[in-house]
Amino acid sequence: ANAEGMAEALRQKDADRIRSLAYGIAVNNLEDDLQFLDPSGRPIFAMHHRPQGLIEEYDFVVGGDTDFLQWDFVRRVAGGQTDPLGDKYSGLARTGWGDFFYVAGPVTDPSANSGQMAGIILVGKSLDNIVRGMRAETLAQITLYDERGGLLASTVINPQPLDEAYAREILDNQAVYVGRRDADNQRTLVVFDIGYQEMLIPWEGRDKADMGLLGISLARNNIVAVSFPTRLQIALLAGSAFVLIILLGVAIANTISRPISSLVRASEQVMLGNLRVQVPPITNDEVAVLARTFNQMVSSLEQSQHDLLNAYDRTLEGWSKALELKDRMTEGHSQRVTELVVRVGRAMGLDEAQIVHVRRGAILHDIGKMGIPDEILNKPGKLTEAEWKVVRRHPEYALQMLAPIEYLRPALDIPYCHHERWDGSGYPRGLKGQSIPLAARIFAVVDTWDAISFDRPYRKAFTPAEARQTLLDEKGTKLDPAVVDRFLEIIRE
């Protein structure tokens, strides 16, 4: 909805333009279905992912006669409704092209009057893909039923619908069933002579509105089937160990168990994430060979992890360089502030695990500017208020770009909060004082120092004395007083 040009394309009902803007986003996010409507809910353009096709294979439809306003969640968006949850609504839709769970939201036209809607976008996930994804995540058999117990989607080979009265009973008594785990909301299924126990609970959408029932099925004999051979193996091993202890004596038993115990303890350390552990080979038998092999394996894992993290960090530096090429006024800025932020962070008591995230956040502090148009970012003159509003959105763009990347989430404090001010006058959230993350407060001081200490096209660099006085002037308003004092000590050193 925020893609540049999307609002204009919807207003002009330009299907080709909509396709060029949406196709790459849809492929990157593995979306199943996209519907683009005008403000009155009439279809303009649609993209349906081909079932079993490659990720980039979509069918495109221009126009159509589907009455989208028959769906309550679309009517709410078309009517401009908002509530404490926002202006986006969701719901289940059974269509001629499949059953989908949609999220619908408005597209506002920035070129028109404030708040004027240019169109509506629906993003849909196929119910079949939803249950397959749940199956992959949980290893359970998943079935979605409608409110009457009818089948919507299932990973079970021969799924059976529910009795309508039974389905209604579960929905009407869901507070009791969920709270007590009552046995009445379970039933037995048989697939390929394997008994499955299915638990039935409501599945809900926005505003906790019931859309049907979710069936979660697990094989009843899984625990028995797995634990019996395990118990047999343990019994055999225990019996063998007992015979060996009797025959060879306590001394030999201790000699054998000592290196094995070391391997067990080392394995537990590896499970906890310690890849620096090593097991000294204290014997000359097969256990010693196992210990050396274990050490080589752990070393290889550590090197692989190191190489992978290095590759990640080189990628982040590449992103930073790409931004500097886009914003020519800040060449070399990211490298300088990163080095200083790391130094100040250590002085402020951050441990090395936190420093790793601080360094990544500093490298990517302005990555959100990738979403700012070049004509604004590189404008030689003074920006208008409207242009400043666009520029101030770059922390939000950074959040949208980095939050989906799991290993970068701990580094978000700086890209998202580095324009917050100590007195609460900053953006994007107006955080104040200690509520601003420490990493962001440290970065704000270093960023201010670097910005005024180097030449920019619109002014000359400040002298060290002028730069120091500027920090003192902004201490307690824009900047954290404690961080300013520690930073100036470091600069003097």
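Is Asp485 buried, partly exposed or exposed? Asp485 counts as partly exposed, because its relative accessibility is 31%. The cut-offs here are under 20% for buried and over 50% for exposed. One caveat before I go on: this is a predicted model.

Let me stay with Asp485. Its side chain meets that of Lys475 in a salt bridge, 2.8 Å from N to O. Where do the two partners sit? Lys475 is in the loop between α16 (464-474) and α17 (481-492), and Asp485 is in helix α17. The pair therefore ties together parts that are 10 residues apart in sequence. Lys475 is partly exposed as well, at 32% relative accessibility.

Now the other salt bridges. How many are there by this rule? The count comes to 21. Some share partners. One network joins Asp72, Arg75, Arg76, Asp83, Arg206 and Asp207. Take Arg206 and Asp207 from that group. Their side chains form a salt bridge at 3.3 Å, N to O.

Another bridge links Asp59 to Arg50. Here the closest N and O atoms are 2.8 Å apart. Asp59 is partly exposed at 35% relative accessibility. Arg50 is partly exposed too, with 36%.

On to the open sheet. What is the strand order? Six strands run β3-β2-β1-β6-β5-β4, and the pairing is antiparallel. The edges are β3 (58-62) and β4 (89-95), each of which pairs on one side only. Neighbouring strands are turned by 20 degrees against each other on average, direction ignored.

Strand β2, residues 43-49, pairs with β3 in the antiparallel sense over five bridges. Within this region, Met47 stands opposite Phe60 in β3.

Which helices lie across these strands? Start with α2, residues 15-28. Helix α2 lies across β1 (33-37), β2 and β3. Its angle to β2 is about 30 degrees. Then α4, residues 127-138. Helix α4 lies across β4, β5 (98-108) and β6 (117-126). Its angle to β6 is about 50 degrees.

Asp16 counts as exposed, because its relative accessibility is 63%. Val62 is 46 residues away from Asp16 in sequence. In space, the two are 9.1 Å apart, C-alpha to C-alpha.

Next, strand β7, residues 141-145. Why call β7 largely enclosed by the rest of the structure? Because five of its five residues are buried. Consider the faces. In a regular strand the side chains alternate between the two faces of the sheet. In β7, Gln141, Thr143 and Tyr145 are on one side, and Ile142 and Leu144 are on the other. All of them are buried, and both faces are covered.

What does β7 pair with? β11 is one partner: five bridges join the two strands, which run antiparallel. Thr143 has Gly215 in β11 as its bridge partner. Strand β8, residues 151-154, also pairs with β7 in the antiparallel sense, over three bridges. There, Tyr145 stands opposite Leu151 in β8. The hairpin of β7 and β8 has five residues between the strands. Gly149 in that hairpin takes a positive phi near 90 degrees.

Now to β11 itself, residues 210-219. Met211 is in this strand. Is Met211 buried or exposed? Met211 is buried, with a relative accessible area of 13%. Asp146 is 65 residues away from Met211 in sequence, yet 6.4 Å away in space, C-alpha to C-alpha. Leaving out residues up to four places away in sequence, Met211 touches Gly91, Leu92, Phe101, Tyr145, Asp146, Glu147, Trp203, Glu204 and Gly205.

Last stop, the surface. Which residues form a nonpolar patch there? Phe242, Val243, Leu244, Ile246, Leu247 and Leu248 do. Together they have about 620 Å² of accessible area. Take Leu248 as one of them. Leu248 lies in helix α7, residues 222-271. Leu248 is partly exposed, because its relative accessible area is 39%.

Technical notes:
Residues numbered from 1 in each chain as written. Predicted model: local features only at pLDDT ≥ 70, side-chain atom pairs only at ≥ 80, totals over all residues. Heavy atoms only, no water. Patch = residues over 30% accessible without salt bridge, like charges linked within 9 Å, V, L, I, M, F, W, Y side chains within 5 Å. Areas by Shrake-Rupley, 256 points an atom, 1.4 Å probe, with all protein chains shown as cover. Salt bridge = Lys/Arg side-chain N within 4 Å of Asp/Glu carboxyl O. Helix = DSSP H or I, 4+ residues; strand = E, 2+ residues; numbered from the N terminus. Buried < 20%, exposed > 50% of the residue type's maximum accessible area, 1.4 Å probe, protein only. Pairing = 2+ DSSP bridges. Axes fitted to C-alpha atoms, helices over the stretch in contact; angles between N-to-C directions. Contact = heavy atoms within 4.5 Å.
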